Amino acid sequence: QTCALPIYVDFRFISISVEGGKYFASLCYKTAEPPITKSPIEPDKTVGIDLGLTTLATLSDETKIDNPRHLKKHETTIKHEQQKLSKKTEGTKAYEKQKARLNKAYRKIANVRRDFLHKLTTNLVENQNWTGFCVEDLAVTNMQQDHCLARSIGDAGWRMFRSMMEYKSRDKGKNLIVIGRFDASSKTCTCGHINQNLELKDRQWTCSICGKTHDRDILAANNIKTFGLRKAGQSLLVS
């Protein structure tokens, strides 16, 4: 099949890969496209995004996007295919065929996850009035060393979400501001007090100084926005 490419194309290389018996061609090329003008950073058009596991993404405008948990939805199918594989003798044709079926099931989950994240990030970048996005620099690799969380973090696709937001924001001339991973986004009250005793299980907490009760995820998203704008040299009035 052919695909439409820009007129001025400088081909670099092509990579051929095989996955699950299917061949994929990846083209790397450079085009002579005009530079993209970045939008100015405006507090009213900037949104903070807090990533999580129960809720995949919470926005500073209080929008919450549920975690689809793709792997959990197909857990029964995966277990069934794994059980069938365990009954086959390794090295036989029957074993290889069943292994291919299991890989196909995993590949379907990966494709569904990628499709969901593509639609989500495209909607955020292209179909909204936002010109800036603030996110945390999550240490995904380090967090996945916790075996209790590794499976859930991988299924949520935090790394893929960040990657998609980076190149889609760049291509549309929008701003992606990344704050430090050690900023206490979910522990910092709007009055400035930091709750050092906050635990992961605590989804709401009340500030001991000002008495304000917070939804942890919404607070984190708003603080991510505040820290991001501060990093970008902007100011944001917090009520």
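What volume does the largest cavity have? In this predicted model, the largest cavity has a volume of about 40 Å³.

**View 1. The largest cavity and the residues that line it.** The structure holds one cavity of 30 Å³ or more. Its lining is formed by I49, D50, L51, V135, E136, L138 and I224. By class, these lining residues comprise five that are nonpolar and two that are charged, with no polar residue. Rolling a probe the size of a water molecule over the atoms shows where empty space is left.

**View 2. Strands β3 and β6 at the lining of the largest cavity.** Strand β3 (46-51) and strand β6 (132-136) each supply at least two residues of this lining. The largest share, three residues, comes from β3.

**View 3. Helix α2 along its length.** Helix α2 spans residues 75-86 and has 12 residues. From its first C-alpha to its last, α2 reaches 16 Å, close to the 16 Å expected at 1.5 Å a residue.

**View 4. The buried and exposed residues of α2.** Within α2, the residues I78, E81 and L85 are buried. Seen down the axis of α2, the buried residues fall within an arc of 70°, and they therefore line one face of the helix. An α-helix has 3.6 residues a turn, so residues three or four places apart point the same way. On the other side of α2, T76 and S86 are exposed.

**View 5. The cover over the buried residues of α2.** Helix α3 (93-126) is included in what covers the buried residues of α2. The buried residues concerned are I78, E81 and L85.

Notes. Residues numbered from 1 in each chain as written. Predicted model: local features only at pLDDT ≥ 70, side-chain atom pairs only at ≥ 80, totals over all residues. Heavy atoms only, no water. 1 Å grid on protein atoms, 1.4 Å probe; cavity = no way out; pocket = protein on both sides within 12 Å on 5 of 7 lines; lining within 4 Å. Points joined across faces, edges and corners; volume = space filled by probe spheres on them. Helix = DSSP H or I, 4+ residues; strand = E, 2+ residues; numbered from the N terminus. Nonpolar A, V, L, I, M, F, W, Y, C, P; charged D, E, K, R; others polar. Expected span 1.5 Å × (residues − 1). Buried < 20%, exposed > 50% of the residue type's maximum accessible area, 1.4 Å probe, protein only. Arc of directions from axis to C-beta. Contact = heavy atoms within 4.5 Å.
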